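Have a look at the structure shown here before reading on.

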Amino acid sequence: MTYLPSAFKAFWHELPFLAAAGVLVCAGSGLVVLVSPGLSPLSLVLGAVLVGPTWAAVIATTDSIVRDDHGGVLLLLQNLKRHCLAGLEVAGVPAVVAALALLNWHVYSGPLFAVPLAVSCCAGVLLLLASCYAFSLRVTAGLRGKTLWLAALQLVARAPLVPLGVLALAFVALLLGTSVTASLLLLAPGPVALFASAGTWTEKHALHR
């Protein structure tokens with residue numbers, strides 16, 4: 001079973017939601033850039049605080065779209081209230097680990113610190129990939145804590161192309177938005193979330209088939 005057809009159908013039927021999702025995510029991201037430009041431990045943690053709750057609401061809505069064919073701006077706003085803490089919880093884990101990896105890189109040097117630096121970098125990358133699954137597993141499946149991250153890592157091991165595709169799509173949108181026109185940044189969050197939701201539930205269904 002695949003949820004991709006539902007995701008593609010939503011590109012037309014859920015245009016108001018896609019626009020609202022873009023505005024909310026870009027507003028949070030813009031605040032992060034305004035307060036802490038560039039890649040730093042502060043910007044990573046601030047991104048988790050300002051963007052994580054919004055992204056959880058967007059993912060909860062795209063989960064509903066691809067699974068139940070029910071979405072809309074009103075549902076997005078309801079999900080923002082319902083899942084803001086869950087988004088902070090999920091986004092905070094990879095953000096803190098990645099921030100520690102950056103701190104290790106900036107503060108320490110020499111072969112003595114190569115091992116902890118490598119460990120923190122690998123952990124950050126794995127958790128970033130797992131977070132592409134973790135948001136859906138948290139806000140829709142209701143998983144928490146260690147169970148959530150073990151399930152997300154299991155899906156990464158089974159289907160790494162899904163999170164890699166989600167991150168690649170986000171990166172291309174960011175690249176085009178900064179080099180061609182900023183309006184592309186407003187269009188990106190919704191489709192990225194739809195692809196993430198469709199990929200998560202397709203692989204989740206295949207895992208338990």
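What follows is a short tour, from the whole chain down to single residues.

## Ground rules

This is a predicted model, where local features need pLDDT of at least 70 and side-chain atom pairs count only at pLDDT 80 or more, while totals for chains, interfaces and linings use all residues. Residues are numbered from 1 along each chain as its sequence is written, and side-chain values use heavy atoms, leaving out hydrogens and water.

## The overall picture

Let's start with the fold. Along its principal axes, the C-alpha trace spans about 55 × 40 × 30 Å.

How much of the protein is buried? Of the 209 residues, 45% are. Buried means under 20% relative accessible area, exposed means over 50%, and partly exposed is in between (1.4 Å probe, protein chains only).

Now for contacts, meaning heavy atoms within 4.5 Å. Among those between residues at least 6 apart in sequence, 73% join residues at least 24 apart.

## The cysteines

A disulfide is a pair of cysteine sulfur atoms within 2.5 Å. By this rule, the count here is 0. Take Cys84, which is in no disulfide: the nearest cysteine sulfur belongs to Cys26 and is 20 Å away. Cys84 is partly exposed, at 30% relative accessible area. Cys122 is in no disulfide either, with the nearest cysteine sulfur, that of Cys121, 7.0 Å away.

## Two residues in helices

Ala27 sits in helix α2, which covers residues 15–35. Its relative accessibility of 43% makes Ala27 partly exposed. From Ala27 to Trp12 is 15 residues in sequence and 23 Å in space, C-alpha to C-alpha.

Ser131 belongs to helix α6, residues 114–139. Is Ser131 buried or exposed? At 9% relative accessibility, Ser131 counts as buried. Setting aside neighbours within four places in sequence, Ser131 is in contact with Pro94 and Trp149.

## The loop between α4 and α5

Two more residues are worth a look here. Asp69 lies in the loop between α4 (52–68) and α5 (73–107). Most residues other than glycine have a negative phi. Asp69 has a positive phi of about 60 degrees, although it is not a glycine. Asp69 is also exposed, with a relative accessible area of 52%.

His70 is found in the loop between α4 and α5 too. With a relative accessible area of 46%, His70 is partly exposed. Which residues does His70 touch, not counting those up to four places away in sequence? They are Thr61, Ser64, Ile65 and Leu75. His70 and Leu34, on the other hand, are 35 Å apart in space, C-alpha to C-alpha, and 36 residues apart in sequence.

Terms used:
Helix = DSSP H or I, 4+ residues; strand = E, 2+ residues; numbered from the N terminus.
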